[in-house]
Amino acid sequence: MTETSDEDRKLVTLARGAMARAGAAHGAAVRDLDGRTYAGAPVALTSLTLTGLQVAVATALSSGAEGFEAAVLVGSADGADAGIVTLHEVTPDAPVSLFDERGEARP
């Protein structure tokens with residue numbers, strides 16, 4: 001297993017915080033090409049449904065991000081998260097790492 005960098009650990013902390021604040025089953029965070037970070041939790045409304053990663057990516061893009069260095073998903077989210085497609089539409093090779101709700105790396 002690859003060691004998690006300090007910068008990716010920061011993303012895990014941000015994603016766990018977003019998950020906890022929202023009382024959600026998962027959270028996500030991204031780092032843009034300038035090193036700025038953005039976190040998100042899922043939104044589930046009648047008129048709008050987004051995963052945490054979609055929220056984080058949209059927040060970054062609306063703040064002027066032009067691409068992404070990395071993303072993390074924490075909690076119940078998995079490699080089928082719709083936000084991965086959103087992330088890769090902007091930066092096809094951006095890595096996405098999975099972590100459990102305690103912040104431990106998942107395969």
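Trainee: Which exposed residues does the face of H3 turned away from its buried side carry?

Mentor: That face of H3 carries Val85 and Glu89, where exposed means over 50% relative accessible area, buried under 20% and partly exposed in between, with a 1.4 Å probe and protein chains only. Keep in mind that this is a predicted model, in which local features need pLDDT of at least 70 and side-chain atom pairs count only at pLDDT 80 or more, while totals for chains, interfaces and linings use all residues. Residues are numbered from 1 along each chain as its sequence is written, and side-chain values use heavy atoms, with hydrogens and water left out.

Trainee: And which residues of H3 are buried?

Mentor: In helix H3, which spans residues 82-90, they are Gly83, Ile84 and Leu87. Seen down the axis of H3, these buried residues fall within an arc of 105°, so they line one face of the helix; the arc is that of the directions from the helix axis to the C-beta atoms. Helices (H or I, at least four residues) and strands (E, at least two) are DSSP runs, numbered from the N terminus.

Trainee: What do the buried residues of H3 pack against?

Mentor: They pack against strand E1 (26-32), helix H2 (52-62), strand E5 (68-75) and strand E6 (96-99), with contact meaning heavy atoms within 4.5 Å.

Trainee: New topic: in what order do the strands of the sheet come?

Mentor: The order is E2-E1-E5-E6, in an open sheet of four strands with mixed pairing, and two strands pair if DSSP finds at least two bridges between them. Strand E2 (37-40) and E6 stand at the edges with a single partner strand each, so one side of each is left without a neighbour in the sheet.

Trainee: In which sense do E5 and E6 pair?

Mentor: E5 and E6 pair in the parallel sense, over four bridges, and Val72 stands opposite Ser97 in E6.

Trainee: What about charges, how many salt bridges are there?

Mentor: The count comes to five, a salt bridge being a side-chain nitrogen of Lys or Arg within 4 Å of a carboxyl oxygen of Asp or Glu. One of them joins Arg31 to Asp8, with the closest N and O atoms 3.1 Å apart. Arg31 lies in strand E1 and Asp8 in helix H1, so the pair ties together parts that are 23 residues apart in sequence.

Trainee: Is Arg31 buried or exposed?

Mentor: Arg31 is buried, with a relative accessible area of 7%. Arg31 also forms a salt bridge with Glu69, where the closest N and O atoms are 2.7 Å apart.
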